[in-house]
Amino acid sequence: MPGQGDHNDLLLSDDERLHALNVLGDHFAAGRLDSAEFYERSGTVAAARTLGAIREPFLGLPGGLPLEQVDGYVRKVSDGAAPAVRDGNTVASPITPEAELLSLRSRGNLVESIDWLIVGVTLVTFLVLQLVVDWDYAWIVWPSLVVTLSVPRMILKYSDDDEKTYERLKKSDEKARRERLEQAAQRIRELENRND
């Protein structure tokens, strides 16, 4: 391919390196890299002078290199860190613990979203019946909420134990992600200070 070497030799700006570091930090926060991998790859990115030198740290990561060559210029790719891939298909029978956790997370997210939708619709219905229609028995929608909220749980086979486990998983995931984000931000600050 003509000019491929030229693409690799394009010099990077500080802003382009920082963009790449931030995308690498997003991958670390998402759990795709452990601390050692993140430190090694981020060090390589911080020291990179050319587009070619920055390719290797992004090998194997979704979204690939967050920079591209366009008409002799380096351009940032806005979505370098691809979103987490979720299996939209129903898993018939989870075999591994990982598959079971994935299924629980997926069902938990869906039930949580449906709950918010049901509560919102119930509130709007109550307000319309109470304020617009001026019906004295508008309160009847609230006891029906218990039944309405239980339907998605029955359909998705989402028990009380599943819900407790999902809440613990969610808290654990949030804590781990927050810690990784803090580590990533600290590493990026260290690398920026080293380059100043």
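Predicted model: local features only at pLDDT ≥ 70, side-chain atom pairs only at ≥ 80, totals over all residues.
Residues are numbered from 1 along each chain as its sequence is written, and side-chain values use heavy atoms, with hydrogens and water left out.

Helices (H or I, at least four residues) and strands (E, at least two) are DSSP runs, numbered from the N terminus. The chain has six helices and two strands, in the order α-α-α-β-β-α-α-α.

The two strands pair in the antiparallel sense over four bridges; pairing requires that DSSP finds at least two bridges. Leu67 has Lys76 of β2 as its bridge partner. Two residues separate β1 and β2 in a hairpin, and Asp71 in the turn has a positive phi of about 50°.

| Element | Residues |
|---|---|
| Strand β1 | residues 67-70 |
| Strand β2 | residues 73-76 |
| Helix α2 | residues 14-29 |
| Helix α6 | residues 160-195 |

Helices α2 and α6 pack at an angle of about 155°, with axes 8 Å apart; axes are lines fitted to C-alpha atoms over the stretch in contact, and angles run from 0 to 180 degrees between N-to-C directions. Therefore α2 is roughly antiparallel to α6, a term for angles over 145 degrees. Their contact (heavy atoms within 4.5 Å) includes Leu18 and Phe28 of α2 and Leu181 and Ile188 of α6.

Definitions and conventions. Parallel < 35°, antiparallel > 145°, perpendicular 65-115°, else oblique.
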